[in-house]
Amino acid sequence: MQSKIDKFTIPIGPQHPALKEPGHFEFSVDGEIVTDASVRLGYVHRGIEKGTEGRNWVQSLYLLERICGICSHVHATAYCLGVEKLAGVEVPPRAQAIRVLVAELERVHSHMLWLGVAAHEAGFDTLFMYSWRDRETVMNLLEGITGNRVNYSANVLGGVKCDISAEQDEAIRQGVDFLEERTRHYLEVVTSDMMFLRRTRGVATTPKAQARELGLIGPTGRASGISHDVRVDAPYAAYDIYPVKLITATAGDLEARFIVRINELFESYRVIRQILDTLPEGELTVRMPRRIKEGETVSRVEAPRGELFYFIKSNGTDTPERIKVRTPTLPNMASVLVLAIGHQLADIPMILTGIDPCFSCNDRMVVVKDSGGDNRAMTWEALRQYGIEYYR
Amino acid sequence: MGVTNKLGEMGVVTLRLEEAVNWARTNAMWPMLFGLACCAIEMMSTQASNYDMSRFGMELMRPSPRQSDLMIVAGRVSRKMAPVLRRLYDQMPDPKWVLSMGDCASCGGVFNNYAIVQGVDEIVPVDVYVAGCPPRPEQLMHGIITLHERIKQNRLADWA
Amino acid sequence: MNLIRGFATTIKHVFEEPVTIQFPEEERPVRERFKGRHALKRYDNGLEKCIGCSLCAAACPADAIWVEAAENSDEARYSPGERYARTYEINMIRCIFCGYCEDACPTEAIVLEHEYRLSFNDRVDAVYTKDMLIDPVPPGGQDTPQVTEPGKFTRSIPEMKDPD
Amino acid sequence: MNTLTTIITLLIFPGGLCLLLLGLAYEWVDRKLVARLQNRVGPRWFQPLADTIKLLAKEEVVPENVQARLFTVLPVIALAGALTSALYVPLFGLKPAYSFEGDLIVAIYLLSLLTLCTGLAGANTYNRFSLIGATRTLTQLFSYEAPFLLALFGPAIVAGSWKISEIAGYAESHWLVLTQPVGFIVALIGLMGKLELPPFDAPEAETEIVAGALTEYSGRGLALFHLGKGVELVVGLTLVAAFYLGGVANPLAFFVKTLVILLGLAGLQALFTRLRIEQTVGLWWRYGALLVLVQFLALIVWEGWVA
């Protein structure tokens, strides 16, 4: 009965409580220490980039919004900025300001969500319940402004669809005050709670050199000292009018990542209040041509998880030629495999959520390896055939 | 049905085995953690304090398929995920139900292309479809309540 | 030390009223701009606003709307103008509630209401037909089809605010 | 005549049925308190009862290449161990059903029999997660067993006997929690270790190893383990209440004292993060055992010298 298990491998498989979305990790373990790790993704690949080629510019906006369940507004903003740059259209300042406002509210909602999920991975369910209860206030604000809790389509090509009325302005200020006071409490819990520090201090420490070599970006990278933030380096939308302070830490371990993300929350509150005080008057949208001129462009946006990168190519017709999305979780994902080695099995979920993975974000089309091992790009028919055979 | 007619509804005294087991099944249904995408986020917020699912007996989000009896397919099922979903469904012990949450799980929703399974009912028999992209926590709970209503009418005959 | 402080905060929560919204009994009202189930609107005199132009079906990202138009005649008039929607079906499971149809509709016939109780036991009964979507007849109007004098309703969007 | 009364005490009143229901009730109180601490409405009053009935009505799946007989027998032994240990403990404030010299050690051993069965069940099933869960359960068993036992020996020394009823009788007159506060704290935390409540629930860590040693169990097996844990909760609480909080003379005192301790447990449960397995063992051996030994030494010196 006892088959030969030489290397005891633990599959953190597609369905596992530690991962909110499917991704397949295999850690080979002796006793409790991880010796090596491998990952296989692609479980939530939806062929969105292929889908956008078949739809016109307006319809592919809603498709790109549904790439990620948490940061949908950021994808829409990156896409709209790119297309507006291609079409050479100047978006009214009020629309840019509202875009930045909804982007910051979404960053608050995404960081709160991550705080809860990371605490749940460490077994600290009370913090999960508290942070998700406070996250409901942000969700209500977003629902008030845009009408939908998660995939809020606030952006339209050439501007914004929803306006900020007076009582929404008041509701946002009230919500932000309440959240700021709660976030101060969380910062104090995360930095002083003895039991929690035992699970986060000194776990998965990545010095700056290793972080740069692994290509960590976003809050994960900034926790190791890499000072790189698209909102500061290349301000887009209205970030040049409302500058953002760069927040970095040097320790590079999980606790530093907690601290960086919570400080970013404070930064977001400041920017939201600043926008509400100086919301410019004016139009919400501007007329967009149906056909976008020939050309290709790149638009970079700071998603809650890191730098989001859109490459848009148009061939003059009303459907995009090619849209390539590079989401922030992809570069961070490689670091999980390197960092997990040498740690306890119990720390793996913590390391995994340390990079704030969004699997549905990074399941882009990867080059398909056939059994021969040499990777070649497959044609459309070959891909369908491969799919059908795979499941026969 | 003689007893209840004669004595009338006397609560526990005239409780039939069927009603007892149906009551137990609806009030202690353990969902299996099967989040795929944005709907998983809404499923988790149904679990959190604001829309507490533990009132319906779903506090223990059972990760292992062995111990769960309701599979909430929350999110889009890609072709690569289909065999995994089917194997998980087969591992669940017998009285099991499937609630397909959100458009992408119910009918492929927005993604009508090669990568997404057009509707989970191609792979597993689905009991309740909840519309919405993603459905609000209240919508999910409304779906769960409709599922509970359906189970309450289960006859003893169809178990035996 | 901070253990006591941690204990204090948690104990404080015991006496706070739990923040859960007990869904079946009490319900939090939805925000004003929430996009829920659709509804086909009517004018005050009972005529339907929808003129069967199927612009919404074209704009719908998920192709969830199916419209079949038919001719209006003065003996059996459903909507001002010469066309009306004989069948108007929305597949609620396919629809993603994004509100594009509401923006695309020239006569503001289709509007997203606040109703969100949408769960079905079967995929077939998720398709809402026209009579499930249409608003009830407003007071003072009659039900369609109505008998009207010829030449009164020639434009699909009537000039006057509420034609009597 | 007394065979009838023994049957009743064994099966109905302080023994079987009432104890199971009390176990479920206490488990519900615990979950409700933790939920209320997390600011949410907890499960309804009949939740553990509904869980058990549903599990009993569920299909029992026995995975292949597993000793089927061992697989089905283990939960029964676990529940039997917990129930027999309840015989020696003054439940509901009454005199224990049966007591002999040295039954304290037997009661504690029978309680740890339950954890042994869980570990064995985990090792028996072929699933990777349950193997890891089993090793963790057993390592944790060795870590909290000794300090918990020593913490309960404190009152035994002062009372000068090994019989639970005598120790409870002695504890009624003077509150041992004042004279031995350290022993009380270690016993409380030992109880949390034994019941695998959150700071020490590494063996059943939901997010790392799917469901610990019981991953493969469903239906009847899981229901029996569930009931076993409920009974273990009640027995553990009565032991700590009887020894440290001035005995459980009458039913009212029994309920009040055990519920007070349960409130303390729920508070601690909601407050802490789950510790890694080697941290729990380190914590136990470095602080738990040391504290209890120091208190033990103080007792012996005080007992030998003063009394």
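# Helix contacts, chain contacts and a sheet

Visitor: What covers the buried residues of helix H3 of chain B?
Guide: From chain A, the cover includes helix H4 (93–121) and helix H5. From chain B, the cover includes strand S2 (70–74), strand S3 (97–101), helix H5 (103–107) and helix H6 (137–152).

Visitor: What kind of model is this?
Guide: It is a predicted model: local features need pLDDT of at least 70, side-chain atom pairs count only at pLDDT 80 or more, and totals for chains, interfaces and linings use all residues. Residues are numbered from 1 along each chain as its sequence is written, while chains are lettered from A and ligands numbered from 1 in the order written.

Visitor: How many residues of H3(B) are buried?
Guide: A residue is buried with 20 or more other C-beta atoms within 10 Å of its own, exposed with 12 or fewer, partly exposed in between; C-beta atoms are placed from the backbone. H3(B) spans residues 38–47 and is mostly covered. B:Cys38, B:Ile41, B:Glu42 and B:Gln47 are among those buried. The count is 10 of 10.

Visitor: Which element of chain B gives the largest share of the side that touches chain A?
Guide: In this interface, 31 residues of chain B are in contact (C-beta atoms within 7 Å) with 31 residues of chain A. H3(B) and helix H4 (82–91) of chain B each supply at least two residues to chain B's side. The largest share is 5 residues, and its source is H3(B).

Visitor: How many nonpolar residues are on that side of chain B?
Guide: Ala, Val, Leu, Ile, Met, Phe, Trp, Tyr, Cys and Pro count as nonpolar, Asp, Glu, Lys and Arg as charged, the others as polar. On the side of chain B that touches chain A, 6 residues are polar and 5 are charged. The nonpolar residues number 20.

Visitor: Is B:Pro83 buried or partly exposed?
Guide: B:Pro83 sits in helix H4 of chain B. Its C-alpha is 30 Å from that of B:Asn154, 71 residues away in sequence. B:Pro83 has 13 C-beta neighbours inside 10 Å, so it counts as partly exposed.

Visitor: Which helix of chain D gives the most to the side that touches chain B?
Guide: The contact takes 28 residues from chain D and 20 from chain B. On chain D's side, helix H2 (17–37) and helix H3 (47–56) are the elements that give two or more residues. That side has 12 nonpolar, 7 polar and 9 charged residues. With 5 residues, the top contributor is H3(D).

Visitor: How do H5(A) and H6(A) run, roughly parallel or roughly antiparallel?
Guide: H5(A) (residues 125–146) and H6(A) (residues 166–192) pack at about 160 degrees, axes 10 Å apart. Axes are fitted to C-alpha atoms, for helices over the stretch in contact; angles run from 0 to 180 degrees between N-to-C directions. Under 35 degrees is roughly parallel, over 145 roughly antiparallel, 65 to 115 roughly perpendicular, the rest oblique. The angle therefore makes H5(A) and H6(A) roughly antiparallel.

Visitor: How many charged residues are in the contact of H5(A) with H6(A)?
Guide: A:Leu127, A:Asp134 and A:Leu141 are among the H5(A) residues that meet H6(A), where the partners include A:Ile172, A:Phe178 and A:Arg182. The contact has 10 nonpolar and 5 polar residues. The charged residues number 2.

Visitor: In which hand does H4(D) pass H10(D)?
Guide: H4(D) (residues 68–85) and H10(D) (residues 220–244) pack at about 20 degrees, axes 9 Å apart. They are therefore roughly parallel. A crossing is left-handed if the near helix is turned anticlockwise from the far one by less than a right angle, right-handed if clockwise. This crossing is left-handed.

Technical notes. Helices (H or I, at least four residues) and strands (E, at least two) are DSSP runs, numbered from the N terminus. Two residues are in contact if their C-beta atoms, placed from the backbone, lie within 7 Å.
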